[in-house]
Amino acid sequence: MKLSRPVSWFLLAFGVWSWVIWVTFVKNLVADSSGLAFDDGHPTAYFWVHLTLAIVSFVLGTVIGGLGLRGLRALRRTS
């Protein structure tokens, strides 16, 4: 399957965007002082659920961004 240039760029941008958003979210989650993420210094269910969401998003963002990068490299080789 061959990806078009716009689709490849979109996939790559999605992967980068996913990493930027979720890294920021995890930093904010760890620094949370509202009591949602930590209760007396111990992680809460809220923390674990959102950390799991972030990890899954990191993996998906990496895979999707990698597909976009591979698509761009394939287009460069054929032109």
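1. Let's start with the pocket. In this predicted model, the largest pocket has a volume of about 200 Å³. Its lining draws on Met1, Lys2 and Leu3 together with Leu67, Arg70, Gly71, Ala74, Leu75 and Thr78.

2. Now to the fold. The protein contains 2 helices and 2 strands, and, reading from the N terminus, the order of these elements is α-β-β-α. The protein is more spread out than a compact globule, because its radius of gyration is 17 Å, well over the 12 Å that the globule rule gives for 79 residues.

3. The overall dimensions are worth a look beside that. Along the principal axes, the C-alpha trace of the protein spans about 60 × 15 × 15 Å.

4. On contacts, counting those with a separation of 6 or more, 67% are accounted for by residues 24 or more positions apart.

5. Finally, burial and surface. Of the 79 residues in the protein, 27% are buried. The accessible surface comes to about 5800 Å², and carbon and sulfur atoms hold 71% of that area.

Key. Residues numbered from 1 in each chain as written. Predicted model: local features only at pLDDT ≥ 70, side-chain atom pairs only at ≥ 80, totals over all residues. Heavy atoms only, no water. 1 Å grid on protein atoms, 1.4 Å probe; cavity = no way out; pocket = protein on both sides within 12 Å on 5 of 7 lines; lining within 4 Å. Points joined across faces, edges and corners; volume = space filled by probe spheres on them. Helix = DSSP H or I, 4+ residues; strand = E, 2+ residues; numbered from the N terminus. Rg over C-alpha atoms; globule rule 2.2 N^0.38 Å. Buried < 20%, exposed > 50% of the residue type's maximum accessible area, 1.4 Å probe, protein only. Contact = heavy atoms within 4.5 Å. Areas by Shrake-Rupley, 256 points an atom, 1.4 Å probe, with all protein chains shown as cover.
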